[in-house]
Amino acid sequence: MPNVRKLYAIRFFYNLIPAYVIERLFWEERGMTVEMVVYTEMIFAAAIVLLEVPTGMIADRWGRKRMLIVSAVMGCCEFSILLFATEFWHFAAVVLLAAVGSSASSGAEDALLYDSLLSGGKETLFEKIAGRLNAIDIVSTIVAALCGSLLAGRFGFSFNYWLSLLSMLVALALTLSLKEPARSGNPDDETQPIPIRAYLSASVRFFRRHPSVRPVVLTGMIAGAAIHFVDEFWQTYLDRIGIPVFYFGLFSAAIFLLRLPGNLLAYRLKARFGYRSLLAGATAAIAAGLVGLAFLKGWAGLAALFLACLASGVLEPLASGYLQHRIDSSMRATIGSFQSLGENVALTLLGVGFGYFSSRLDIFGGFGFIGFAGLAFLLYFVYASRGMAE
């Protein structure tokens, strides 16, 4: 499985980005205020919404490898611009490129992985390989963060961006060496315009014909959005409960490391407990952890934080695998992009409530809102997933 080994290496270098650990400081040094950063985030969100599904369709039509190459090229362009960025429009261009790259890879990577396994008759290994890819992602992120902070202190912020550009160039070279796997569909008709309406109607029909897929996809969306708030605001939580900044690096590493067991063992747990039990259990643990963050302080609150991170590790490969096993190869990236788009929509909707309750009850109120929303969704999942195929 040469593609699988290459995807391991691509994922490692794609996330070996020491620039991220000092990103906000670097942007501030180049004149970007908090207000300007918010504007760029709005640009990113709008671009993702517009591009997510069309790029999935293009990946299914023209090839997943091509879209992964686009993603890697966008990454290289991002850091090339950032090294010399001094104006707002430079940073706006960077986030736009980041949105293009993110949209191009979402759906396409899972589709290429699944079809690569399918061509060798090893599609049942998808959850196992997807979990390992996520584990590599986590390890690479931790290495980049730990090394990036040390290197920035010694050589300055720009040095981290040069290293990040080098890592992205390596990822691009590896992506170019991927092989497009064989898949069903009509590959000889690539010169015709992409039938967008046909893809959209076929996607809607897919979800109608597979009612058991809907609660699984929604679970991935809601849980992914919920854990996003943990990733974004755990520093604020630690500050509120009196943890010194000196220990933030250790907590950052712990939060990512706790996701490793779930990603690595999801395929074995699936064989023992089944999709429904694991998805329900992971959702319940994430929701309970977030509720715990709202009401518990000190070590009890940290235990709740760690519980949510531990449970999130098992959920992503399971939700993705359940979907991939049921999609026709000709629409694999498109349906995957719908899932990614849905997660961004869920993130926006939950973000409204998170911001409202955080402004009135501090960060604890925001986490409480997300946690109770997760528990409410759990009731829906238990009801909607009755008779779910394993």
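What you're looking at is a predicted model, where local features need pLDDT of at least 70, side-chain atom pairs count only at pLDDT 80 or more, and totals for chains, interfaces and linings use all residues. Residues are numbered from 1 along each chain as its sequence is written, and side-chain values use heavy atoms, with hydrogens and water left out.

So, the overall picture. The protein has 15 helices and 0 strands. Its C-alpha trace spans about 55 × 50 × 35 Å along the principal axes. How does the radius of gyration compare with a compact globule of 390 residues? The globule value would be near 21 Å and the protein has 21 Å, so the two agree. That radius is taken over C-alpha atoms, and the globule rule is 2.2 Å times the number of residues to the power 0.38.

Next, burial. I call a residue buried under 20% relative accessible area, exposed over 50%, and partly exposed in between, with a 1.4 Å probe and protein chains only. Buried residues make up 49% of the 390. The protein exposes about 17,900 Å², and carbon and sulfur atoms supply 67% of that. Those areas are Shrake-Rupley with a 1.4 Å probe, and for residues only the protein chains shown count as cover. On contacts, meaning heavy atoms within 4.5 Å: of those between residues at least 6 apart in sequence, 84% join residues at least 24 apart.

Let's zoom in on H1. Helix H1 covers residues 2-15. At 1.5 Å a residue, its 14 residues should span 20 Å, and the end C-alpha atoms are 20 Å apart, so that agrees; the expected span is 1.5 Å times one less than the number of residues. Buried in H1 are Asn 3, Val 4, Leu 7, Tyr 8, Ile 10, Arg 11 and Asn 15. And what do the buried residues of H1 pack against? They pack against H6, H7 and helix H8 (157-176).

That brings me to charges. Side chains of opposite charge can pair when their charged atoms come close. My cut-off for a salt bridge is a side-chain nitrogen of Lys or Arg within 4 Å of a carboxyl oxygen of Asp or Glu. A search of the whole structure turns up 7 of them. Asp 137 sits in helix H7 (residues 126-155), and the two partners are 126 residues apart. Arg 11 counts as buried because its relative accessible area is 11%, whereas Asp 137, at 21%, is partly exposed.

Another pair is Arg 64 with Asp 115, 2.5 Å from N to O. Arg 64 is in helix H4 (residues 64-82) and Asp 115 in helix H6 (residues 108-119), so this pair ties together parts 51 residues apart in sequence. Both of these residues are buried.

Then there's Asp 231 with Arg 259, at 2.3 Å from N to O. Asp 231 belongs to helix H10 (residues 213-240), while Arg 259 is in the loop between helix H11 (248-257) and helix H12 (260-273). Arg 259 is buried at 10% relative accessible area, and Asp 231 is partly exposed at 25%. Salt bridges with shared partners also join Arg 11, Glu 109 and Asp 137 into one network.

Okay, over to H15, residues 332-384. Leu 350 lies in this helix and is buried, at 12% relative accessible area. Leu 350 is 124 residues from Ala 226 in sequence, yet their C-alpha atoms are 7.9 Å apart in space. Leaving out residues up to four places away in sequence, Leu 350 touches Ile 222, Ala 225, Phe 229, Phe 369, Ile 370 and Ala 373.

Also in H15 is Asp 362, and here's one to look at on the screen. Most residues other than glycine have a negative phi. Asp 362 isn't a glycine, but its phi is positive, about 65°. Asp 362 counts as partly exposed because its relative accessibility is 29%.

Terms used
Helices (H or I, at least four residues) and strands (E, at least two) are DSSP runs, numbered from the N terminus.
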